[in-house]
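Reader: I should like a close look at a single part of this model. Please set out how that part is built and how it sits within the whole.

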Amino acid sequence: MTDTSAPGNPSGPQDPNGTSGPAASMRVLGQYVKDLSFENPGHPPVQTQPNIDLGIDVGATPHADGNGLYEVSLKLSAKATADQTVLFISELDYAGLFQLQNVAEDQLEPMLLIECPRLLFPFARRIIAEITREGGFPPLLIDPVDFVQLYQAQYRRAAAATSAGTDTPQ
């Protein structure tokens with residue numbers, strides 16, 4: 001009789017006890033426009049390239065029912081100006097309902113603030129492009145967003161604010 005070890009578990013990593021947990025999963029249960037506005041305060045003929053100020057904000061809140069449900073909100077705002085004149089202001093709050101299961105606690109926040117918005121972004125981008133086109137302007141095609149960089153910048157700002165609060169002399 002030979003002593004052979006069992007083959008490795010291809011389904012995922014094992015903990016020190018030799019057992020493996022269920023794989024992490026994410027489901028998109030729904031996507032929807034929470035708020036949308038487009039203002040066209042002055043539509044003079046534009047002779048120059050307008051200056052576009054773009055804002056992006058990401059937030060996540062646990063759903064009241066629990067069960068690993070989270071609402072992730074992607075807010076896009078754009079303001080176009082030319083020669084001190086506001087051409088248009090567009091604001092979109094686009095959200096998705098996500099169900100996360102078996103996600104490690106240290107991976108929950110990055111999953112909610114990086115991966116979920118990454119799935120929502122193409123749909124929100126299309127809505128902004130269509131609303132600006134319907135407003136009489138060329139479609140505003142927002143460049144792809146690096147949500148990892150956005151998350152890291154937000155994390156650094158929070159860490160700096162925390163350390164500034166704890167570095168006070170006592």
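How many bridges join E2 to strand E3 (residues 69-82), and do the two run parallel or antiparallel?

Author: E2 and E3 run antiparallel, and 12 bridges join them. Two strands count as paired if DSSP finds at least two bridges between them; helices (H or I, at least four residues) and strands (E, at least two) are themselves DSSP runs, numbered from the N terminus. The model is a predicted one, in which local features need pLDDT of at least 70 and side-chain atom pairs count only at pLDDT 80 or more, while totals for chains, interfaces and linings use all residues. Residues are numbered from 1 along each chain as its sequence is written, and side-chain values use heavy atoms, with hydrogens and water left out.

Gly59 is bridged to Ser73 of E3, and Pro62 has Tyr70 of E3 as its bridge partner. The two strands form a hairpin with 6 residues between them, and in its turn Gly66 has a positive phi of about 75°.

On the side of E4, E3 is again paired in the antiparallel sense, here over 14 bridges. Ser73, already named as the partner of Gly59, has Ala95 as its bridge partner in E4. E3 and E4 also form a hairpin, with 2 residues between them, and Asp83 in that turn has a positive phi of about 50°. Of the 14 residues of E3, 10 are buried, so this strand is largely enclosed by the rest of the structure. Buried stands for under 20% relative accessible area, exposed for over 50%, and partly exposed for what lies in between (1.4 Å probe, protein chains only).

These pairings belong to an open sheet of 4 strands in the order E1-E4-E3-E2, with antiparallel pairing. E1 (25-39) and E2 (51-62) stand at the edges with a single partner strand each, so one side of each has no neighbour in the sheet. Neighbouring strands are turned by 15° against each other on average, direction ignored. H1 packs on this sheet and touches E1, E2, E3 and E4 (85-101), and its direction makes about 140° with that of E4. Here contact means heavy atoms within 4.5 Å, and axes are lines fitted to C-alpha atoms, for helices over the stretch in contact, with angles running from 0 to 180 degrees between N-to-C directions.

H1 (residues 105-134) has 30 residues and should span 44 Å at 1.5 Å a residue, which agrees with the 43 Å between its end C-alpha atoms; the expected span is 1.5 Å times one less than the number of residues. H1 has a kink of about 45° centred on Met111, the bend at a residue being the angle between axes fitted to the seven residues ending there and the seven starting there. Just after H1, Gly136 takes a positive phi of about 100°.

Leu141 lies in the loop between H1 and H2 (147-166). Its relative accessible area is 52%, which makes Leu141 exposed. Apart from neighbours within four places in sequence, Leu141 is in contact with Arg125 and Ala129.

As for the whole, the protein has 2 helices and 4 strands, following the pattern β-β-β-β-α-α along the sequence. Of its 170 residues, 27% count as buried. Among contacts with a separation of 6 or more, 69% come from residues 24 or more positions apart.
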